[in-house]
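User: I'm new to this one and would like to learn how to read it. Can we go through it feature by feature?

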Amino acid sequence: MILLFKIGFLDVSIVNLIDIALVSVLIYQVYKLMRGSVAIKIFLGFLSIYLMYLVVNAAKMELLTIILGQFMGVGVLAAIILFQQEIRKFLLIVGKSSIFSNENVLQELFFWRKRESSAFNVTPIIEACKSLSGSSTGALIVLSSNSELKFYAESGDLIDAIVSKRLLISIFNKYSPLHDGGVIIYNGRVKAARCILPVTERDVPAQFGLRHRAAIGMSEATDSLVLVVSEETGQVSLAKSGKILHNLSFQEVREMINAYLTGESIEERFVEVVAFEKVKEKKKITEL
Ligand SMILES: Nc1ncnc2c1ncn2[C@@H]1O[C@H](COP(=O)(O)OP(=O)(O)OP(=O)(O)O)[C@@H](O)[C@H]1O
């Protein structure tokens with residue numbers, strides 16, 4: 001039995017309402033995904049043409065319907081080409097939030113193996129950060145709690161060594177052949193160095209250079225927590241899910257990494273990159 005409501009002259013069923021609610025959620029999610037990027041303008045352009053098509057179709061304006069219909073026909077293909085980055089990101093988010101995103105869960109399901117904790121002693125990382133920050137040596141460290149991030153690890157040089165302060169300092173030393181790019185750490189081991197990470201396409205404040213953009217991009221594309229030591233200022237930042245926490249104390253970095261590795265939800269403690277400039281402006285005003 002399908003429940004029917006009468007809104008004005010329209011008959012609306014429960015299924016229609018659920019359908020409308022789901023489409024609204026989907027459009028909002030697409031908007032959130034594209035917010036701040038150039039793609040949002042293209043998306044809004046497409047949406048306007050589609051709405052126009054619906055109106056002219058309903059008004060039975062045949063010529064315009066044919067022209068816009070032709071456009072909408074190739075629109076799907078054009079959208080796939082134009083939005084390939086966003087579609088990739090969307091699928092990554094879906095994959096990330098699904099049960100199968102966690103390699104440990106897969107092992108548990110199929111091999112009946114006991115789930116291992118991804119937490120490890122983070123002191124070597126903190127100590128290395130202190131030293132790198134003190135010597136204004138840039139660093140980009142990706143911490144992953146549930147995946148080896150093989151795809152990104154393979155873009156660099158595979159290492160697979162136990163994390164140590166000396167190892168991290170040697171990698172990021174300006175004269176080391178491994179210093180360029182990011183390091184990936186999983187399960188207490190440095191999996192790879194010199195990795196090429198995806199750079200965010202969103203507008204970020206001018207003070208964030210390529211290293212910070214890569215940290216934000218990597219945190220958008222994966223479930224990782226990304227640590228940046230600025231070469232310019234020695235300041236330490238963390239990026240998670242496209243958001244950032246800037247100029248942290250070492251104690252804060254330690255707490256945040258531990259919380260992440262033990263599976264706590266830490267996203268809400270991070271600041272939207274778009275909001276970051278506003279936060280900075282506010283700080284300036286209060287300083288004056
Ligand atoms: N896509 C990328 N993947 C990995 N590492 C990258 C990427 N892009 C840049 N980097 C690293 O960042 C370095 C350049 O950093 P840049 O000075 O532009 O960044 P920044 O955010 O201003 O940081 P800093 O405050 O340290 O200057 C490169 O030498 C490289 O090691």
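User: Let's start with strand β5 (residues 182-186). Is it enclosed or open, and why?

Analyst: Keep in mind that this is a predicted model. In β5, five of the five residues are buried, so the strand is largely enclosed by the rest of the structure.

User: Which way do the residues of β5 point?

Analyst: Look at the two faces of the strand in turn. G182, I184 and Y186 point one way, while V183 and I185 point the other way, and all are buried.

User: What does β5 pair with, and in which sense?

Analyst: Follow the bridges. Strand β3 (residues 139-144) pairs with β5 in the parallel sense over four bridges, and I141 is the residue opposite V183 there. Strand β6 (residues 189-195) runs antiparallel to β5, again with four bridges. In that pairing, Y186 stands opposite R189.

User: What should I look for in the hairpin of β5 and β6?

Analyst: Check the turn. Two residues lie between the strands, and N187 takes a positive phi near 55 degrees.

User: Which residues does I184 touch?

Analyst: Leaving out residues up to four places away in sequence, I184 touches V142, S144, L149, Y152, A153, K191, A192 and C195. I184 also belongs to the largest nonpolar core, which has 47 residues. It is listed among those with the most contacts inside that core, along with I141, V142, V183, I185 and V226.

User: And K150, how far is it from I184?

Analyst: Compare sequence with space here. The two are 34 residues apart in sequence and 9.4 Å apart in space, C-alpha to C-alpha. K150 sits in helix α7 (residues 150-153).

User: Which residues does the "transmembrane region" annotation cover?

Analyst: That one comes from a record. The unreviewed UniProt entry puts it on residues 12-31, 38-56 and 62-83. In the model, residues 62-83 are 95% helix and 0% strand, and their end C-alpha atoms lie 30 Å apart.

Technical notes. Residues are numbered from 1 along each chain as its sequence is written. This is a predicted model: local features need pLDDT of at least 70, side-chain atom pairs count only at pLDDT 80 or more; totals for chains, interfaces and linings use all residues. A nonpolar core is a set of buried Ala, Val, Leu, Ile, Met, Phe, Trp, Tyr and Cys residues joined through C-beta atoms within 7 Å. A residue is buried if 20 or more other C-beta atoms lie within 10 Å of its own, exposed if 12 or fewer, and partly exposed in between; C-beta atoms are placed from the backbone. Two residues are in contact if their C-beta atoms, placed from the backbone, lie within 7 Å. UniProt positions are given in the numbering used here, feature names are shortened, and annotations may be inferred rather than shown by experiment. Two strands pair if DSSP finds at least two bridges between them.
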